[in-house]
Amino acid sequence: MAKELFSIIAFSAVFLLTAGSCGHRQGPPKKLEVSTIVVSADTLARLSDAIQCHVHVDFTCLKERKYAAVNDSLLRMGLLQPDYLSISYGPLSPKTAIPSFVRQYIRDYMEMARLIRQKEKGRSQLLGELSIKTELRAAADHYVTAVSHIAINNGNGRLTKYTIARNFDLKDGHRVTLSEHFGKDAGEKLTEKIIERLSKREDIEDNDIERLQSKGYFVGITPYPSDNFILTDDSTVFIYTPGEISRKEVSVAVEN
């Protein structure tokens with residue numbers, strides 16, 4: 001029997017920008033001077049002592065009604081994983097979309113757990129957990145950065161944590177891309193800066209890519225700037241999720 005608790009906590013928020021920067025000195029933090037709400041959902045679903053799923057979501061969005069389209073866009077940016085909501089055709093509201101996301105995740109998890117139990121003849125214990133907490137931060141220019149902190153345990157006892165960052169325009173909610181902010185030809189220059197920062201971190205001279213790969217970065221792939229990034233006025237923080245360019249999550253800050 002699933003026990004559900006859905007709550008909405010409203011407040012006027014002023015978030016400070018505290019993005020990690022690999023030793024890079026940030027300028028004074030900017031204030032996000034818009035009212036926000038946090039839509040929360042906490043559900044524990046239990047099929048048996050061996051199959052359970054606990055999901056907790058705190059989703060920060062904009063409070064005022066005029067930002068309904070922006071909130072709809074936020075829900076489709078992949079801040080919630082799995083990204084069920086990006087393929088939705090109807091208008092989305094956090095108050096209804098977050099509980100819907102939780103129910104869908106639990107349905108999928110329970111189906112997977114049943115299949116595993118059948119295959120392993122009841123020997124496995126599957127106690128899954130998913131935690132998602134998002135926040136909004138003032139970004140460069142008039143942009144806002146949404147940061148999602150995700151922790152997931154599929155029931156195998158291993159906890160995976162990663163971060164997703166999306167930058168968007170407060171006026172219409174559209175997601176800001178690297179090419180929009182830096183220009184279409186910025187990829188090569190940004191890649192050079194990322195390699196330089198990682199090389200300095202690993203004490204590698206001359207930005208030697210082969211030596212950098214020997215340290216576990218970009219193994220078997222061409223270096224690139226991640227589209228998972230945080231914009232500030234003086235720097236950009238690129239976030240690579242676990243397994244993307246290294247076994248662990250990697251954050252690299254470069255000056256704009």
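**The cores**

Guide: The largest nonpolar core has 45 residues, and those with the most contacts inside it are V57, F59, L74, L80 and F168. A nonpolar core is a set of buried Ala, Val, Leu, Ile, Met, Phe, Trp, Tyr and Cys residues joined through side-chain atoms within 4.5 Å. Buried means under 20% relative accessible area, exposed over 50%, and partly exposed in between (1.4 Å probe, protein chains only).

Visitor: Which helices and strands supply at least two residues of this core each?

Guide: Strand 2 (36–46), strand 3 (51–62), helix 1 (68–75), helix 2 (94–119), strand 4 (126–138), strand 5 (143–153) and strand 6 (160–169) each do. Helix 2 gives the most to this core, with nine residues. Helices (H or I, at least four residues) and strands (E, at least two) are DSSP runs, numbered from the N terminus.

Visitor: And what does L80 touch?

Guide: Not counting residues up to four places away in sequence, L80 touches V57, F59, L75, L85, I98, F101 and I132. Contact means heavy atoms within 4.5 Å. There is also a second, separate core of 22 residues, which includes A139, L190, L198 and F238.

Visitor: Where does this model come from?

Guide: This is a predicted model: local features need pLDDT of at least 70, side-chain atom pairs count only at pLDDT 80 or more, and totals for chains, interfaces and linings use all residues. Residues are numbered from 1 along each chain as its sequence is written, and side-chain values use heavy atoms, with hydrogens and water left out.

Visitor: Back up a bit. How many helices and strands are in the protein chain?

Guide: The protein chain has five helices and nine strands. Along the sequence their pattern is β-β-β-α-α-β-β-β-α-α-α-β-β-β. Of the 256 residues in the protein chain, 45% are buried.

Visitor: What about the 26 residues of helix 2, what should they span?

Guide: At 1.5 Å a residue they should span 38 Å, and the end C-alpha atoms of helix 2 are 37 Å apart, which agrees. The expected span of a helix is 1.5 Å times one less than its number of residues. Buried residues in helix 2 include P94, I98, F101, Y105 and Y109.

Visitor: Now helix 4. What do its buried residues pack against?

Guide: They pack against helix 3 (178–182), helix 5 (209–214), strand 8 (235–240) and strand 9 (250–255). The buried residues are A186, L190, T191, I194, I195, L198 and S199. Helix 4 covers residues 186–201, and its 16 residues reach 23 Å from first C-alpha to last, close to the 22 Å expected. Just after helix 4, D203 takes a positive phi of about 60 degrees.

Visitor: L178 is in helix 3. Is L178 buried or exposed?

Guide: L178 lies in helix 3 and counts as buried, at 15% relative accessibility. Leaving aside neighbours within four places in sequence, L178 is in contact with G183, L190, P225, S226, F229 and F238. L178 and S226 are 48 residues apart in sequence, with their C-alpha atoms 9.0 Å apart in space.

Visitor: What does the side chain of N167 make a polar contact with?

Guide: The side chain of N167 makes one with the side chain of T145, at 2.6 Å. A polar contact is a pair of N or O atoms within 3.5 Å; within protein, one must be able to donate a hydrogen and the other to accept it, and residues adjacent in sequence count only if both atoms are side-chain atoms. A polar atom of the N167 side chain also lies 3.2 Å from the backbone nitrogen of L231. N167 is found in strand 6 and is buried, with a relative accessible area of 1%.

Visitor: How many salt bridges are there?

Guide: The structure holds six salt bridges. A salt bridge is a side-chain nitrogen of Lys or Arg within 4 Å of a carboxyl oxygen of Asp or Glu. One joins the side chains of K30 and D233 (3.4 Å, N to O). This pair links distant parts of the chain, 203 residues apart: K30 is in the loop between strand 1 (3–11) and strand 2, and D233 is in the loop between strand 7 (229–231) and strand 8.

Visitor: What about E111 and R114, how are they placed in helix 2?

Guide: E111 and R114 are separated by about one helical turn, because they are three residues apart in helix 2. Their side chains meet in a salt bridge (3.1 Å, N to O).
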